[in-house]
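Student: Got a model open here and I'd like to talk it through. Can you take my questions one at a time?

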Amino acid sequence: MAPALVETPQPVPSVAYTKSGTGEYKEAFIGGPKAFNADAELKGEGTKQPPAKYPNYLPVWDNEKEKYPPLQPFEHYEHGKDADPTFPNLLNGAEVSDLTANIGAEVRGVQLSKLTDKGKDELALFVAQKKVVAFRDQDLADLPIQEALDFGGYFGRHHIHPTSGAPKGYPEIHLVHRGADDTTARDFFEERTNSVTWHSDVTYEKQPPGTTFLYLLDGPAAGGDTLFVNQAEAYRRLSPEFRKRLHGLKVVHSAVEQADNSKTRGGVVRRDPVTSVHPLVRTHPATGEKALFVNPQFSRRILGFKKEESDFLLNFLYDHIAKGQDFQARVKWAPGTVVVWDNRVTAHSALLDWDDGARRHLARITPQAEAPFETPFEG
Ligand SMILES: [Fe+2]
C-alpha cells in the first residue's frame with residue numbers, strides 16, 4: 001500500500017501565546033459607526049469641508065445580517081510566476097521612476113483597469129520586485145465598484161475584513177475613512193506620541209493577502225502619507241548567522257485585539273477572530289525572495305520560546321524594521337492614485353498627521369494569497 005500523504009499539523013497556540021506577547025495592537029484610527037456623520041459626509045452640512053467626492057464609497061457596517069463562518073482554505077494561483085520579466089504588456093510607453101534605491105516606484109502612463117491578463121501577470125511580478133508602486137492618474141475609483149472588484153479578483157480571492165466599514169452592497173471593499181472635521185487625531189495624541197503602526201494587512205488569516213490595491217477617494221492636501229518597508233531587504237540586512245537562527249521559527253498572529261477594539265468602539269465583528277501560525281521568514285512564490293514576516297500589530301509570540309525570549313527577539317525585529325529608513329519609502333497620495341503593494345514582502349503604516357478636518361477616504365481591494373511558506377536557509 002502506498003504511504004498516505006500526511007500534512008504536518010499546524011501547532012495550536014495556547015491562550016497564553018496569544019494574550020501575552022510583546023506586540024501591541026495600536027488603534028490609531030478610531031473612526032467606526034459611532035464617529036460616522038452621514039450629513040457631514042453626504043452634504044457637507046455642519047462642516048467647512050465639502051461633501052464626499054465618492055458617496056457610493058461611504059461606509060456602512062450592516063452589509064450582512066449574520067456573522068460570516070470561518071474562512072475556508074483555497075488554492076491560490078500566483079500570476080506573477082507567468083509574467084514576462086521584461087514587462088512588455090505593463091510598462092510599454094510608461095514613465096517609471098524609483099522612489100528609492102531598494103523599495104518603491106512611481107508609474108505614469110499606464111491605466112491599470114485596461115490591462116490584459118498578461119499585463120496583470122506582469123503587474124503582480126513588478127510589484128513583488130518593487131514592493132510598492134504608486135500608479136498615478138488612474139480611473140479605478142470612477143468605475144462602478146463591481147468593475148473595480150472584477151479587476152482585483154484576478155489576483156486572488158477577495159478578503160472580507162472582519163471589522164471595517166464597506167460600501168453598501170460591497171463587503172469585499174475595505175474602507176479607510178476618517179470623516180470631515182473628525183477630531184480623533186487630537187484625542188489620540190492626548191495619549192500617544194506618534195501614530196506609527198507598522199503592519200502587513202490581516203496577517204492573522206491563514207492565507208494573508210498578496211498583491212494589494214489601495215486607492216484614494218478623498219484626502220487632505222498635505223498629510224496622510226503611507227510608509228512602506230521592504231521586509232526582504234530587512235531580512236538581508238541581518239547577518240548570515242542571525243538569519244540562520246530565524247529560519248524554522250514560527251510566530252502566532254492574532255485577530256483578537258482588533259476585534260476587541262472594534263467592539264469597544266461600537267463597531268462590528270463579522271467573523272470570529274482567529275489566530276494563525278506562520279513562519280517568521282517566508283519565501284515569495286514568484287521571486288523566491290525571503291522576507292521577514294512579523295509585525296507588532298498582529299504578531300504575538302514565537303512558538304517554543306519562553307515569553308521573555310520571544311519578546312526579546314520580536315522587539316529586536318520590530319526595532320530593526322521601524323528604524324530601517326534605508327529600506328523604507330514614503331508614498332504621497334494624490335487624486336487618481338492607486339498604490340499597489342505586495343503584502344507578503346512589505347509592511348506599512350498610515351500616519352495620522354493632519355489636523356485641519358480634511359476628510360481622508362480610501363478603498364482597498366485585498367486579494368488573499370497562499371499560506372506563507374518557508375524555504376531553507378541559504379548562506
Ligand atoms: Fe494596512
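Student: Which residues are buried in helix 10?

Tutor: This is a predicted model, where local features need pLDDT of at least 70, side-chain atom pairs count only at pLDDT 80 or more, and totals for chains, interfaces and linings use all residues. Numbering runs from 1 along each chain as its sequence is written. Helices are DSSP runs of H or I with at least four residues, strands are E runs of at least two, and both are numbered from the N terminus. Buried means 20 or more other C-beta atoms within 10 Å of a residue's own (exposed is 12 or fewer, partly exposed in between, C-beta atoms placed from the backbone), and in helix 10 that picks out Ser-310, Leu-314, Leu-317 and Ile-321.

Student: Why do the buried residues line one face of helix 10?

Tutor: An α-helix has 3.6 residues a turn, so residues three or four places apart point the same way. Taking directions from the helix axis to the C-beta atoms, the buried residues of helix 10 line one face because they fall within an arc of 60°.

Student: What covers the buried residues of helix 10?

Tutor: Look for contacts, meaning C-beta atoms, placed from the backbone, within 7 Å. The cover includes helix 7 (231-236). Strands are there too, including strand 8 (226-230), strand 12 (290-292), strand 13 (299-302) and strand 16 (346-350).

Student: How many helices and strands does the protein chain have?

Tutor: Count the DSSP runs along the protein chain. You get 10 helices and 17 strands.

Note on methods: Contact = placed C-beta atoms within 7 Å.
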